[in-house]
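The sequence and the structure are shown first.

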Amino acid sequence: MRAAETCAWCGAPFDDRSPRLAGRTVCAACGAATTDPRPDDEELEAAYGDWYRPKDGEGRFGFAGDAILGWTRGLLAGHLDAVAPPGPILDVGAGEGTLLDALAARGRRVTGLERGAKREDFLDEPIEALPRGDGWAAVVFWHSLEHMPSPRSALREAARLLAPGGVLIVAIPNAASFQARLFGDRWLHLDIPRHLVHLSTATLTAGLGENGFRVEAVSYVRAGQVMIGWLTGLVSSLPGRLDLYQALRRPTARAKPISRRNRLIALAAGVVLLPLAATAAAAETLLRHGGTVYVEARKPLPVDRTLEGPNQSG
Ligand SMILES: [Zn+2]
């Protein structure tokens, strides 16, 4: 671990105007927070361990959680297929490949980037290593941008890879959400040290604009994981340090073992607090301060000079 000296988002140096919070420092220049101290490669590897994406192929969540994730990725694939021009689609941080499978089923050529990639349509490479080819129709960062050591450079690379008119999709936790403010250092989606940068909708869309993207849609419904942020936060507010998130994960997908008794108490608390969490999630979504945010942006087509009349030049 070493102290963060510059903002992971805009590169500005930290100084005594930069608020130091638990595990992160806020940039006075752009408002993004950077995980501080910054883990080195080895510490990050250890932080993911074998539990984050268990290799037994059994999935991560109990209680139909994986089925729900699969269904929502199917909806996303349908939407993306409709808004992107014809051509191949790149998923950066493709996980188990659920989104890519849904896109391939729609006839799209797909490539996923993922650490330790095992599939034929996956590459274990940084986005910087990819050739542009004829240009990609879409690049997706589905809850992956916040895991990247150089997120701003990743956006620049996406701009380089996309064909003109191509679509960029980013889903991230929203650091300006009501749940982030209420739960503070306990907020599920801080996920330190795995999340290296913490953005709000405003910091994300500003960064997209500076990389030449035109933001076309901002949604607090599409990015998902809003309910779980509220539910785990409310359960963790009870006495007994209950961890509902780990309780919901399958045994091999847990960061640490959990006793049967504590698991049952956490799950029971989750059931009791479900209506309150649902109400809070609906309220913050309606007020556009949702716990996660989905942004859809486009790389503009080159300006067609032939459309400009001769009188506009003077
Ligand atoms: Zn900054």
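In this predicted model, buried residues make up 39% of the 314 residues in the protein. The secondary structure comprises nine helices and 11 strands. The radius of gyration is 20 Å, close to the 20 Å that the globule rule gives for 314 residues, so the protein is as compact as a globular protein of that length. The C-alpha trace spans about 75 × 50 × 40 Å along its principal axes, and of the contacts with a separation of 6 or more, 70% come from residues 24 or more positions apart.

Seven strands build an open sheet of mixed pairing, in the order β6-β5-β4-β7-β8-β11-β10, in which β6 and β10 are the edge strands, each pairing on one side only. Strands β4 and β5 pair in the parallel sense over four bridges, and isoleucine 89 stands opposite valine 110 in β5. Helix α4 lies across β4, β7 and β8, and runs at about 150° to β8.

Residue ranges of some of these elements are as follows.

| Element | Residues |
|---|---|
| β4 | 89–92 |
| β5 | 110–113 |
| β7 | 136–142 |
| β8 | 162–173 |
| α4 | 151–161 |

Nonpolar side chains tend to be buried together in soluble globular proteins. Here the largest nonpolar core has 80 residues, of which Ala138, Val139 and Val140 touch the most other members, while β8 gives the most to this core, with eight residues. Leaving aside residues up to four places away in sequence, alanine 138 touches Leu80, Ala84, Ile89, Gly166, Val167 and Ile169.

Note on methods:
Residues are numbered from 1 along each chain as its sequence is written. Two strands pair if DSSP finds at least two bridges between them. Helices (H or I, at least four residues) and strands (E, at least two) are DSSP runs, numbered from the N terminus. Two residues are in contact if their C-beta atoms, placed from the backbone, lie within 7 Å. Axes are lines fitted to C-alpha atoms, for helices over the stretch in contact, and angles run from 0 to 180 degrees between N-to-C directions. A nonpolar core is a set of buried Ala, Val, Leu, Ile, Met, Phe, Trp, Tyr and Cys residues joined through C-beta atoms within 7 Å. A residue is buried if 20 or more other C-beta atoms lie within 10 Å of its own, exposed if 12 or fewer, and partly exposed in between; C-beta atoms are placed from the backbone. The radius of gyration is taken over C-alpha atoms; the globule rule is 2.2 Å times the number of residues to the power 0.38.
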